[in-house]
Amino acid sequence: MKPYSEHMRYLKHLAKEFSSQEAVAEAIINLEAQLNLPKGTEHFISDIHGEYEAFSKLVSHASGSIKRKIEEIFQETLSAKEQVQLGALIYDPDRMLGTMLPGADEQDQWYQNTLYRMIQVLRAVASKYPRFKVRQLIEGRFEGLVEELLYEKETLPDKAMYYQSIIRTTVASGHGRAFIVVIAEAIQRLAIDHLHVVGDIFDRGPGAHLIMDRLMSYHSIDIQWGNHDILWMGAASGCDACIANVIRISLRHGNMDTLIDGYAISLLPLASLAIEIYGDDSCDLFLPQKFNASSDSEGERRMMAQMHKAITVIQFKLEAQIIARRPEYGLEDRRLLHHLDLEQGTVKIDDQMHPLKDALFQTVAPESPYTLTSAEQHVMDRLKVAFLHSEKLQQHTRFLFNKGSIHKIYNGNLLYHGCIPMNSDGSFTSLHLGNKEYEGSELMEAFDNLVRQGFFCSEDSIEKQSGQDAMWYLWCGPCSPLFGKDKMTTFEQYFIADKATHKEPRNIYYTFRDDEQMVKRMLERFGLNPETGHIINGHVPVIVKEKERPQKGRGRLLVIDGGFAKAYQKKTGIAGYTLVSNSWGLLLATHQRKVDDLLSNTAAHDIDCTTEILENRKQRIRIKDTDVGREMRQTIEELTTLHEAYQKGIIVQDRV
């Protein structure tokens with residue numbers, strides 16, 4: 001630090017927390033000791049797409065990390081079946097206790113044996129943490145007992161009876177079940193020190209709101225926004241075009257659970273409009289892709305199709321208004337309603353006429369095709385209020401802002417969901433935003449600022465409008481680092497039979513990422529070491545069935561979207577990838593598809609994945625080698641300066 005005079009105010013503030021030389025010395029000693037602990041395990045996951053059950057199971061298993069610990073500890077003492085049973089109990093203690101408990105005569109001994117084994121697993125996963133952090137993660141429940149069992153040496157003669165007495169008395173007092181749950185949850189938390197979610201929590205599956213609830217309870221996490229996340233964030237900000245897109249996608253996939261059950265957003269205004277305007281329209285092109293014949297009637301399915309068409313037409317109008325307002329986006333070719341010839345049943349795209357599969361556009365007026373009718377405007381006003389007043393949605397969105405960003409640099413790796421927009425010559429694509437051109441990391445940071453503007457700035461302000469427009473652009477714009485394609489052909493996919501018009505060419509980035517030198521250049525441009533750093537992203541599923549590999553650029557870039565969402569698994573052939581970075585290196589977990597849903601038996605709780613070691617270091621990575629370590633060193637430097645100030649009497653310590 002600089003001379004004391006330049007930092008006196010800060011040192012005095014620091015002295016309020018550390019009011020004596022001894023307190024400062026103790027803090028320095030603790031931090032110096034922590035620097036030499038092994039690096040905490042990082043867990044990378046992407047493209048969850050609302051699949052709560054799969055996500056919950058994967059996080060509980062820590063992508064096989066807990067299973068590997070059990071195998072290491074008990075390979076000589078427990079059978080394979082017993083190891084699976086112990087794992088099942090740790091992954092899902094509440095459910096498994098209901099099926100694994102023996103009869104009353106054997107329960108006490110079963111509890112004692114099980115607790116001994118679980119404490120051994122807890123010790124293994126807790127070995128990389130200081131005591132105070134273990135205490136925090138136990139959250140106060142049986143905190144003292146767990147600490148005693150963790151750190152006592154039961155192998156010593158004088159301690160054996162003491163150790164056994166704790167477990168025996170815990171069980172005898174009727175707390176064996178609760179104690180097992182506490183230890184299982186502690187193992188799950190300690191198995192993974194930090195969770196990275198590399199985008200797309202939302203859409204497809206029905207449980208995005210449940211996933212968000214669980215993420216909010218996670219002890220250490222960061223999130224890189226995906227294109228589907230930003231769409232929901234835009235909707236939560238009140239952006240009309242994002243709201244229309246969110247509802248259209250939900251109706252298209254027949255997945256209303258998150259909207260209606262999760263966030264209590266009523267679609268009755270849209271249903272009323274659909275009955276009034278589209279009641280005589282079959283809307284065959286808009287029937288939901290997913291239909292449950294046992295619970296959904298044909299009438300309900302038809303109503304969803306009519307609502308689907310109504311919101312789709314509204315979406316095209318709202319998006320066209322943004323495009324007209326933001327000519328710098330260069331999306332004029334996406335305004336298509338004024339190219340409709342409804343008498344001929346055609347539309348003109350790129351100077352070519354195409355027949356329409358559906359030529360009924362009841363609310364599109366030829367003289368002003370992009371103006372909402374009064375009924376459509378009323379619906380959007382009501383829907384906007386519903387999104388803005390959904391308490392849970394607003395809570396979840398604020399969490400996404402608090403823990404999230406478009407990209408993140410963490411421990412020498414670069415994390416983002418989609419891509420870095422690039423040109424065919426390998427340069428970064430630039431986009432004009434405000435009064436400046438941005439590219440690469442600056443473009444990502446500019447978008448990040450605009451997104452926050454769009455949510456947090458005051459209503460009806462210019463800043464909020466430009467931020468909301470940027471949210472929509474990030475969903476579908478050609479220079480969006482979240483979208484990664486030249487265009488989004490939503491209109492063509494609904495209304496034109498010619499599949500050549502449906503194509504959405506990927507950004508050239510997805511070709512360049514196979515080139516090691518190009519990936520290294522990307523890392524360098526973000527200030528990272530190209531020889532040791534990695535780019536980690538998702539967004540585009542790895543088609544394992546076609547022998548595609550997640551390692552790109554000779555392993556410098558890793559794609560961890562392998563088809564988490566069930567909708568993609570037939571195409572990819574697996575159930576997703578996750579990445580684990582521990583103190584020895586990098587491991588890639590490939591998760592296998594399962595036909596059966598999660599059952600109550602122990603075998604169903606065993607994680608089905610194969611693990612591949614991508615990097616194995618000869619020397620263990622310590623906290624001192626990480627970003628957290630660098631922050632600790634800065635704190636140590638500041639505390640050392642305070643300690644010297646105490647010694648020299650520059651700051652006088654309090655005496656009671």
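This is a predicted model: local features need pLDDT of at least 70, side-chain atom pairs count only at pLDDT 80 or more; totals for chains, interfaces and linings use all residues.

Me: Is D460 buried or exposed?
Reply: Exposed means over 50% relative accessible area. D460 is not a glycine, although its phi is positive, about 65°. Its relative accessibility is 79%, so D460 counts as exposed.

Me: Where is R204 found, and what is its phi?
Reply: R204 is in a loop as well. Strand β2 (194-197) and helix α12 (208-216) are on either side of that loop. R204 is a residue other than glycine, yet its phi is positive, near 75°.

Me: Why does R204 count as partly exposed?
Reply: Partly exposed is the class between two limits: under 20% is buried and over 50% is exposed. R204 falls between them because its relative accessible area is 28%.
That makes R204 partly exposed.

Me: Which residue just after α3 takes a positive phi?
Reply: Start with the helix. α3 spans residues 52-61, and its buried residues include F55, L58 and H61. Just after α3 comes a positive phi of about 55°, and the residue is A62.

Me: How many helices and strands are there in the protein chain?
Reply: Both kinds of element occur in the chain. The count is 27 helices and 17 strands.

Me: Why is the chain described as compact as a globular protein of that length?
Reply: The C-alpha atoms fill a box of roughly 95 × 70 × 50 Å along the principal axes. For 656 residues, the globule rule gives 26 Å. The chain is as compact as such a globular protein because its radius of gyration is close to that value, at 28 Å.

Me: What share of the residues is buried?
Reply: Buried means under 20% relative accessible area. The chain has 656 residues, and the buried share is 55%.

Me: What share of the contacts with a separation of 6 or more joins residues 24 or more positions apart?
Reply: Contact means heavy atoms within 4.5 Å. Among contacts with a separation of 6 or more, residues 24 or more positions apart account for 71%.

Me: What is the bridge partner of T346 in β6?
Reply: Strand β5 covers residues 346-349. It runs antiparallel to β6, and 4 bridges join the two. In β6, the partner of T346 is P355.

Me: Is E492 buried or exposed?
Reply: E492 has its place in helix α22, residues 490-495. Beyond its neighbours within four places in sequence, it is in contact with R334, L336, I349, T501 and H502. At 1% relative accessibility, E492 counts as buried.

Me: How many Å separate the C-alpha atoms of Y438 and P288?
Reply: Y438 is in strand β11, residues 436-438. Residues it touches, not counting those up to four places away in sequence, include T429, L443 and A446. P288 is 150 residues from Y438 along the chain, and their C-alpha atoms are separated by 40 Å.

Methods. Residues are numbered from 1 along each chain as its sequence is written. Side-chain values use heavy atoms; hydrogens and water are left out. The radius of gyration is taken over C-alpha atoms; the globule rule is 2.2 Å times the number of residues to the power 0.38. Buried means under 20% relative accessible area, exposed over 50%, partly exposed in between (1.4 Å probe, protein chains only). Two strands pair if DSSP finds at least two bridges between them.
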